[in-house]
Amino acid sequence: MTDDDRVFKALADSTRRFLLDRLFARDGRTLTELESELEMTRFGVMKHLRVLEEAGLVVARRSGREKLHFLNPVPIRLIHDRWIDKYTERQVSALAELKTELEETA
Amino acid sequence: MTTKTESETTVQVYRVYIKATPQAIWDAITKPEWTRKYGYQAAAEYDLRPGGMFRSVASEEFQAMGMPEVVVDGEVIEANPPRKLVQTWRFLWDEQVAGEGPTRVTFDITEDDGGYSRLTVTHQLENAPATAAWLAGSDARLQEGGGGWSWVLSDLKTLLETG
């Protein structure tokens, strides 16, 4: 699997997207905190966090006795820069061309 | 991106895997001829020893858009090339962010498999919500699509991998 595959796979799950949203709202949470917001076993939440960590979307850091989870937005930025920019640019330029064409013929 | 609404985040962590040696990444962070080629294209000047000075000089283009000449300053706390750099970091864009005072940033570079290296940027932002918003790319004044560390690191990866 490539890095992009891992990111897309990690994002293709509503629980994992929910976890990312929670970390976006406030970073640096423990497993216990994240678990308290989900109707899911601790083991289930751990498994989802591991997929997110493997995709690089979550980075865990030790702080004393606690393991804190941080959202790492860089992989999403990479996908944005490599894929989404590419396609939206084309749409924008197509619209710009359409506008020029319509204005010239008007 | 929207602004964070819950209690303030005080640490931001960014990680990227780059197909380059730790030395190449170290140089790209600490040498002005490299820092001018990606992100905000400011020229970084470092005196790489504890207590050494750091400053980042905005490009003429950014200065023309209203950035001060020295856009970030700080002090080196620890320099262990090409693995670890710890420094203070004060953003001088405007009075509000400059007034929040110096924050602390750590760059960790480790070798990974397959010719990749892992770069982790950990930015401690206690009592610096405006600086934090900038770095997270959620300040409204940034161009659409955000900016901040994610954007800078994505650009750094592209530069080192594709030139």
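User: Where does Asp73(B) lie in chain B?

Analyst: In this predicted model, Asp73(B) belongs to strand 4 of chain B, the run that covers residues 70–80.

User: Why is Asp73(B) called partly exposed?

Analyst: Asp73(B) has 17 other C-beta atoms within 10 Å. A residue counts as buried at 20 or more such atoms and as exposed at 12 or fewer, so Asp73(B), with 17, is partly exposed.

User: Which residues is Asp73(B) in contact with, leaving aside its neighbours within four places in sequence?

Analyst: With those neighbours set aside, Asp73(B) is in contact with Phe54(B), Arg55(B), Arg90(B) and Leu92(B). As for Leu48(B), 25 residues from Asp73(B) in sequence, the distance in space is 14 Å from C-alpha to C-alpha.

User: What makes Leu78(A) a buried residue?

Analyst: Leu78(A), which lies in helix 5 of chain A, has 21 other C-beta atoms within 10 Å. The cut-off for a buried residue is 20 or more, and therefore Leu78(A) is buried.

User: Which residues does Leu78(A) touch, not counting those up to four places away in sequence?

Analyst: Under that condition Leu78(A) touches Ser154(B) and Lys157(B). Within its own chain, the C-alpha atoms of Leu78(A) and Arg17(A) are separated by 17 Å, and these two residues are 61 apart along the chain.

User: How many residues does each chain bring to the contact between chain A and chain B?

Analyst: Chain A brings 15 residues and chain B brings 17 residues. On the side of chain A that touches chain B, the elements giving two or more residues are strand 1 (58–63) and helix 5 (74–105) of chain A, and helix 5 gives the most, with 4 residues. By residue type, that side of chain A divides into 6 nonpolar, 3 polar and 6 charged.

User: Why is chain A said to be more spread out than a compact globule?

Analyst: Chain A holds 5 helices and 2 strands, arranged along the sequence in the pattern α-α-α-α-β-β-α. The globule rule gives 13 Å for 106 residues, whereas the radius of gyration of chain A is 20 Å, well over that value, so chain A is more spread out than a compact globule. Taken along the principal axes, the C-alpha atoms of chain A fill a box of roughly 70 × 25 × 25 Å, and buried residues make up 22% of the 106 residues in the chain.

User: Among contacts in chain A between residues at least 6 apart in sequence, what share joins residues at least 24 apart?

Analyst: Of the contacts in chain A that meet the condition of at least 6 apart, 51% join residues at least 24 apart in sequence.

User: Which domains is chain A divided into, and where do their bounds fall?

Analyst: Chain A is divided into domain 1, covering 1–72, and domain 2, covering 73–106. The C-alpha centres of these two domains of chain A lie 32 Å apart, while 8 residues of domain 1 are in contact with 4 residues of domain 2. Helix 1 (residues 3–11) of chain A gives the most to the side of domain 1 that touches domain 2, with 3 residues, and the residues of that side divide into 4 nonpolar, 2 polar and 2 charged.

User: Which strands are joined to strand 7 of chain B by bridges?

Analyst: Strand 1 (residues 11–18) of chain B is joined to strand 7 by 8 bridges, and the two run antiparallel; here Tyr17(B) has Arg118(B) as its bridge partner. Strand 6 (residues 103–111) of chain B is also joined to strand 7 by 8 bridges in an antiparallel arrangement, with Val121(B) as the bridge partner of Phe107(B). The hairpin of strands 6 and 7 has 5 residues between the strands, and in this hairpin Gly114(B) takes a positive phi near 65°.

User: Which members of the largest nonpolar core touch the most other members?

Analyst: Of the 45 residues in that core, Leu52(A), Val58(A), Tyr14(B), Ile25(B), Leu119(B), Val121(B) and Leu153(B) touch the most other members. Helix 6 (residues 148–162) of chain B gives the most to this core, with 6 residues. Leaving out residues up to four places away in sequence, Leu119(B) touches Arg15(B), Val16(B), Ile18(B), Ile25(B), Phe107(B) and Ile109(B).

Key
Residues numbered from 1 in each chain as written. Chains lettered and ligands numbered in written order. Predicted model: local features only at pLDDT ≥ 70, side-chain atom pairs only at ≥ 80, totals over all residues. Contact = placed C-beta atoms within 7 Å. Nonpolar A, V, L, I, M, F, W, Y, C, P; charged D, E, K, R; others polar. Domains from an automatic or database assignment. Rg over C-alpha atoms; globule rule 2.2 N^0.38 Å. Pairing = 2+ DSSP bridges. Core = buried A, V, L, I, M, F, W, Y, C linked by C-beta atoms within 7 Å.
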